[in-house]
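Student: I have a chain on the screen and some questions about how its parts pack. Can we go through them briskly?

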Amino acid sequence: MYKKLFIPGPTHVDDEILEAMAIPMIGHRDTLYSDLHGEVVPKLKKFLNTTGHVYLSASSSTGMMEGSVRNVVNKKVLMTDCGAFSKRWAQIAEFNGKDMDVIKVEMGQAITPEMVDDYLSKGGFDAVCITHNETSTGVLNPLEEIGELIKEKYPDVLILVDAVSSMAGTDIKVDDWGLDVVLAGTQKAFALPPGLCVVTVSEAALERSASVENKGYYFNFEVLEKYAVKNQTPATPAISLINALNVQMDRIIEEGVENRFQRHNDMAEFVQGWTKKNFDLYSDEKYLSPTVTNVHNTRGIDVVELNAELAKRGAMLSNGYGALKGKCFRIAHMGDLQVADVKWLTEQIDEILGL
Ligand SMILES: *Cc1c(COP(=O)(O)O)cnc(C)c1O
C-alpha cells in the first residue's frame, strides 16, 4: 500500500503533478522542448530572485553538489559541517582532491556568520559551501547573514549553497544575498518525483569555471551555458520532470509565493508545538527549519514500531539520521503538504502512542 510521505524526500506528490509527467515524449532538439525549457527557466529565475543563469540537470542533487565543487574550487574550499548532508559535501571535495578546511559543529547546531568569518579571515580560500537547511537535524542556517558577510568582506570567495530541502519551501534571494551557486533536487520542497536538479549560477561562478581545469563534462558550467542559451541541455534532459516542474511553477504562482512560504511556516509551527507538548525539540530553537522537524525522542519510543503502525494508517515519517537514529525522529512538512495533513499525522501518532 502506498503511504503519504512525511519524510524529507522524496515528498508527497499531488496527482496533478503525476499527470503532468504523463505527456507524449518529445525530441530534446525539437522546438517543442526548447519552448518548454524557455518557459520554465524564467519562472525559476523570478522565483529565486536572480538574473543569473539557471540550469536543469538530469541528476540527483548530489551530482550537482559534486559538479559545483569541481567548477569553482581552484585553491581551497571552506566546508561547514553541521550534519549528514554538509558532511557529504566535505567528502565530495575530499574525493575530488580539493584542498579544504572544515568548520564542524555538533548535530543540531547552526553555522554562524562569525564562524565563517573566523575561518575566511585566515585567507587562502576561493569558495565556501553552505547547507541552507540541514535535513538531518532540522536546522536552517542563517544564509542571508552569511551571504551578506561574504559579499562585503570576501568578495573573491564564491558561495555555494545546498538548498535541496529549503528551495521552494522558504524564500531565497539569490542575487541580493550574493549567492553564486544554489542547487536543489525536485523531490523535496518542489514536491516533484526525483531525478531533476535546479541550479543557479552567477556570472562570477561561470567566469571562475573557465579558469578551473579537470571539471569534467556532465556538470561543466561552460558546457551547460553553451546549450542553455539555446534553451537546451548538453545531454538528454529529464523531459517528463521538466514538464511537471513547469506545471508546478504555475501552481506555485497561483498559490502565491508568500502564501507558499507562510504555509510552510504554519506547518512547522504546528509540528514544533506538538513536539514541545509531547517530546522535545532536538535542535537549536533559534534556527528551526520550516520544512523538517527533528523530534527528540525523550519518551524512548520505538521509532521503527511507530512507523510500522503509521504504515497501516497510510503514512510514513523518518527515523533520526545516522547517530541520531532512535534518539530522534523527523517529520517533514514541505512541498504540497497542508497544515491539515500534519495535523492528521500527529493525531495518528497521538492515538498510536496513547498521548
Ligand atoms: C536530500 C538532500 C541531499 C541529497 O539529495 P539527492 O537528490 O539524494 O542527491 C543533499 N542535501 C540535502 C540538504 C538534502 O536534504
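Predicted model: local features only at pLDDT ≥ 70, side-chain atom pairs only at ≥ 80, totals over all residues.

Student: At what angle do α10 and α12 pack?
Tutor: Helices here are DSSP runs of H or I with at least four residues, strands are runs of E with at least two, and both are numbered from the N terminus. Axes are lines fitted to C-alpha atoms, for helices over the stretch in contact, and angles run from 0 to 180 degrees between N-to-C directions. α10 covers residues 257-278 and α12 covers residues 339-353. Their axes are 9 Å apart, and the angle is about 15 degrees.

Student: Is the crossing of α10 and α12 left-handed or right-handed?
Tutor: A crossing is left-handed if the near helix is turned anticlockwise from the far one by less than a right angle, and right-handed if clockwise. By that rule, α10 passes α12 in a crossing that is right-handed.

Student: How many residues of the contact of α2 with α9 are nonpolar?
Tutor: Contact means heavy atoms within 4.5 Å. Among the residues making it are L36, V40 and F47 of α2 and I242, L245 and I252 of α9. Ala, Val, Leu, Ile, Met, Phe, Trp, Tyr, Cys and Pro count as nonpolar, Asp, Glu, Lys and Arg as charged, and the others, Gly among them, as polar. The contact has two polar and three charged residues, and the nonpolar ones number eleven.

Student: How is α9 set against α10?
Tutor: Their axes are 5 Å apart, at an angle of about 85 degrees. That makes α9, relative to α10, roughly perpendicular.

Student: Which three residues supply 27% of the area that domain 1 buries against domain 2?
Tutor: Domain 1 is 4-10 + 257-353 and domain 2 is 15-253, with bounds from an automatic or database domain assignment. Buried area is the accessible area (1.4 Å probe) that two parts lose on being put together, summed over both. The domains bury about 2300 Å² between them, 61% of it on carbon and sulfur atoms. The three residues, supplying more than any other three, are F261, Y287 and Y321.

Student: Which peptide bond is cis?
Tutor: Most residues other than glycine have a negative phi, and most peptide bonds are trans. P10 lies in the loop between β1 (4-5) and α1 (15-21). With omega near -10 degrees, the cis bond runs from G9 to P10.

Student: What is the phi of N49?
Tutor: N49 is in the loop between α2 (31-47) and β2 (53-57). N49 is not a glycine, yet its phi is positive, at about 55 degrees.

How values were computed:
Residues numbered from 1 in each chain as written. Heavy atoms only, no water. Parallel < 35°, antiparallel > 145°, perpendicular 65-115°, else oblique.
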